[in-house]
Amino acid sequence: FGFAPMRPQASLRARLAIFVPDVRDDMQRASEPAELSVWEVIGSHGTALEVDQVEKMKAKIDSGQMAELKWCASGTAVLAHCTTHVDDSGKSYYGGSKLLLTSSDGRYQKDLTVADSTTPSGV
C-alpha cells in the first residue's frame, strides 16, 4: 500500500492505494486477477480517522504478485509497477511486468506496457 502526498488542512484528507496480488493455482498460473484500489481517508483534528466505505477506484490487473506504487506530487494519480515471478505468456524466463497509470478517481486508466498507435516505437 502507499499513501498519496497530503497537504495540511483543517481536516485530514488522504488517499490510500492498496494492491492485492493475484491468486495462483498449484502450477503458478494466475487464476484470479490482481487488484489496485484507491480509498480516501477522512478525519478532523482531535477525532478518530474514518475510512470512507466507498472505493474511489478499482482496477483489475491480469497478473501481479508484487507491486511498487508511486503517487504523483498532487496525489491525483498513481503509477503501479506490477511484477510476477513467472511469466504467464512464456516469453520471459525472468517473470512478467505491467505498468499501470490511473487517476485516483478511476476516470483515466492506461496500461503503459501495451503499445498503441499514439505511442512512438523504437525510441
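User: Which strand has the highest mean pLDDT among the elements of the chain, and which has the lowest?

Analyst: Strand β8 has the highest, at 94, and strand β6 (residues 50-51) the lowest, at 56. pLDDT is the predictor's confidence in each residue, from 0 to 100, and strands are DSSP runs of E with at least two residues, numbered from the N terminus. This is a predicted model, in which local features need pLDDT of at least 70 and side-chain atom pairs count only at pLDDT 80 or more, while totals for chains, interfaces and linings use all residues. Residues are numbered from 1 along each chain as its sequence is written, and side-chain values use heavy atoms, without hydrogens and water. The chain averages a pLDDT of 79.

User: What makes β8 and β9 a pair?

Analyst: Two strands pair if DSSP finds at least two bridges between them. β8 and β9 (residues 77-83) have six, in the antiparallel sense, so they meet that definition. Within β9, Thr83 stands opposite Met66.

User: How many bridges join β9 to β10, and how many join β10 to β11?

Analyst: Seven join β9 to β10 (residues 97-103), and three join β10 to β11. Val78 has Thr102 as its bridge partner in β10, and Leu101 has Lys110 in β11.

User: Why is one side of β8 and of β11 left without a neighbour in the sheet?

Analyst: The order is β8-β9-β10-β11 in an open, antiparallel sheet. β8 (66-71) and β11 (109-111) stand at its edges, so each has a single partner strand.

Technical notes
Helix = DSSP H or I, 4+ residues; strand = E, 2+ residues; numbered from the N terminus.
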